[in-house]
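Okay, thanks for coming, everyone. Let me put the model up and walk you through a few spots.

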Amino acid sequence: MSSNVSATGKRIAMLGILSGLGLVAFMIESLVPIPYLPGAKIGLANVFSMLALVLYGLPDALIVVVVRTFLGSLFAGNFSMIIYSATAGVCSAIVSRLMLCLVPRISFVAVSVTSAVIHNLVQLSVYCGLTATVQLFGYAPYLCLLGTVSGAVVGLAVTYTLKAIPARILAHGS
C-alpha cells in the first residue's frame, strides 16, 4: 500500500514539475516574437506535455496541457487563448497517443511534427469557426511549415531528454 501511495505522490509531483516547466517555457517564449508570423511560437512548452504523455500516459498529459494552458492564459492576460490552445493541445495530445500506440517504433520527432501541425490547424480551425473567417485558411501552409520545424525541435528535445534522464527517475513504481 505505501508503495502505491509513494508512486502516486511521485507521479503527482512530476506532473506538477512538468506543468510548471511547461508554463515557464511558455512565458519565456511569449517574450520572443517570431518575425513575420505574429503569435507563432516554437512551442517548447510542448516538450513537457510530450514527456508527460510518454512517461505517464494520455490522462496525465492532458492534465499538463490543461493546467499549462489555463495558467499561461491567466498570466498572459489572454483568456481567449484557453479556447484555442486547450482545444488544440487536447487534440494534438490525443493524436500523439494514437500514433505512439498504433505505429511501432515511431520516432518522437515524427510524433511531435504531426502533433505540432495538428495543433496549428486545430487552432486555425477554431479561430475561423468562431469568427466565420475562412479566408484565414490561406495561412495554413505557413502554419504547417512552422509546425514541421517546431515539431522537429520539440521531438529532438524529448528524445534527448529521455536519454539523459536516469532510469531510476523513469521507473513508475519507485
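So, which helix does Ser85 lie in? That's α4, and by helix I mean a DSSP run of H or I of at least four residues, numbered from the N terminus. Quick housekeeping: this is a predicted model, so local features need pLDDT of at least 70 and side-chain atom pairs count only at pLDDT 80 or more, while totals for chains, interfaces and linings use all residues. Residues are numbered from 1 along each chain as its sequence is written, and side-chain values use heavy atoms, with hydrogens and water left out.

Back to Ser85: is that residue buried or exposed? Buried, at 15% relative accessibility; the cut-offs are under 20% relative accessible area for buried, over 50% for exposed and partly exposed in between, with a 1.4 Å probe and protein chains only. Leaving aside neighbours within four places in sequence, Ser85 is in contact (heavy atoms within 4.5 Å) with Thr69, His119 and Gln123. With Gln123 there's a side-chain to side-chain polar contact at 3.2 Å.

Now helix α5, residues 108-131. Just after α5, Ala132 takes a positive phi of about 55°.

Last stop, α6: Leu145 lies there, and Leu145 is exposed, with a relative accessible area of 56%.

Key. Helix = DSSP H or I, 4+ residues; strand = E, 2+ residues; numbered from the N terminus. Expected span 1.5 Å × (residues − 1). Polar contact = N/O pair within 3.5 Å; in protein donor to acceptor, adjacent residues only side chain to side chain.
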